[in-house]
Amino acid sequence: MKPLKELVRPNIWSLKPYSSARDEYSGFEATVFLDANENPFNPPYNRYPDPLQHELKEQLSVVKEVPAANIFLGNGSDEAIDLVFRVFCEPRVDNVVAISPTYGMYQVCAEINGVEYRTVSLDATYQFTADALLKACDVHTKVIFLCSPNNPTGNDLNRDEMVRLLSTFSGIVVIDEAYSDFSRQKPFRLELAQYPNLIVLNTFSKAWASAGIRLGMAYASTEIISLFNKVKYPYNVNLLTQQQALAMLRKRYDIDKWVASIMAERAHVMAAFADLTFCRQVYPTNANFFLARVDDAERVYNYLVRRGIIVRNRSRVALCDNCLRVTIGTQKENTQLMAALRQYQWEQK
């Protein structure tokens with residue numbers, strides 16, 4: 001890895017961050033707050049939230065086995081993705097490399113930030129090689145993005161190739177582990193100390209069943225976390241989100257049950273889907289969804305929409321022609337899906 005200073009945009013490295021009232025106050029107990037121009041009525045919502053979410057990070061640290069100092073919290077993992085570009089990539093100069101297909105927000109953030117986005121196609125089994133990604137890099141490549149389990153394909157990426165990339169690439173490697181709770185692959189967040197160029201993304205939206213609170217996590221070296229904290233907006237995670245996340249962390253064993261239930265349902269639904277006459281292939285998955293290739297995905301998708309059932313048509317995504325992405329729901333929802341698909345099958349005879 002290059003020295004971190006060489007990877008960071010010069011203006012960000014020298015940036016003096018905004019200092020909020022709550023940043024400046026620390027170290028003493030206080031009961032009267034007259035520093036932040038807040039309204040004294042309607043507690044606790046009249047007060048600005050903790051800008052660095054200390055209590056939440058301490059609790060999350062226990063569950064995720066990552067030191068609190070190595071955790072960044074944001075408004076969904078999309079905020080952390082955007083910060084990667086804002087911290088490391090000089091607009092109209094630098095570029096990033098990513099696999100294809102993968103999560104679309106990497107490219108959206110690249111385009112918003114004026115950064116060239118280079119893609120390397122996965123193979124027929126939706127896998128990659130470190131050599132192929134490194135071949136796409138040049139002296140202006142600051143970041144490589146990986147997603148494992150990948151979206152929309154659902155599969156774990158080859159871990160040995162990811163390790164090789166981390167050990168070889170001189171820039172930043174981002175591994176998005178949004179779906180890692182549904183996989184048996186060892187998460188990279190547990191190996192931060194070995195890879196100073198690693199940023200791992202995670203979210204409360206998937207296994208933690210809290211997409212509505214918009215809370216994402218990034219795990220990285222303390223130096224990278226400090227850069228994220230310097231650039232982020234002062235109060236980027238609101239009080240309600242912090243409170244609900246703490247409540248969810250107290251339900252961690254319920255989460256384990258939910259994940260186990262989803263994985264069991266996943267096996268049943270995939271087997272039933274594979275038996276449909278218009279299904280050509282159901283791809284292996286390590287996420288809470290699966291990808292399936294069918295005859296005329298657009299027609300199947302529209303049929304389900306008319307029945308009030310929404311899946312995702314991924315036909316316009318690279319390597320996903322005529323593919324539907326199906327999220328695993330409750331047993332009742334999954335039964336409704338399969339009943340509709342069997343009715344569609346019968347109507348095609």
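Below are the stops of the tour, sheet by sheet and helix by helix.

This is a predicted model, so bear in mind that local features need pLDDT of at least 70 and side-chain atom pairs count only at pLDDT 80 or more, while totals for chains, interfaces and linings use all residues. Residues are numbered from 1 along each chain as its sequence is written, and side-chain values use heavy atoms, leaving out hydrogens and water.

**Stop one: the seven-stranded sheet**

Start with the open sheet of seven strands, ordered β1-β7-β6-β5-β4-β2-β3 with mixed pairing. Strands here are DSSP runs of E with at least two residues, helices are runs of H or I with at least four, and both are numbered from the N terminus. Two strands pair if DSSP finds at least two bridges between them. Now pick out 71-74 (β1) and 116-121 (β3): these are the edge strands, each with a single partner, so one side of each has no neighbour in the sheet. On average, neighbouring strands of this sheet are turned by 25° against each other, direction ignored.

Next, select 141-147 and 172-176. These are β4 and β5, which run parallel and are joined by five bridges. Look for Cys147, which stands opposite Asp176 in β5.

What does α4 lie across? The answer is β1, β6 (198-203) and β7 (216-219), and α4 runs at about 120° to β1. Angles run from 0 to 180 degrees between N-to-C directions, with axes being lines fitted to C-alpha atoms, for helices over the stretch in contact.

**Stop three: the four-stranded sheet**

Move on to the open, antiparallel sheet of four strands, in the order β8-β9-β11-β10. At its edges are β8 (279-282) and β10 (312-313), each having a single partner strand, so one side of each is left without a neighbour.

Select 289-294 and 323-327 to see β9 and β11 pair in the antiparallel sense over five bridges. Phe290 has Val326 in β11 as its bridge partner. Finish with 297-306: this is helix α12, which packs on the sheet and touches β9, β10 and β11, its direction making about 35° with that of β11.

Definitions and conventions:
Contact = heavy atoms within 4.5 Å.
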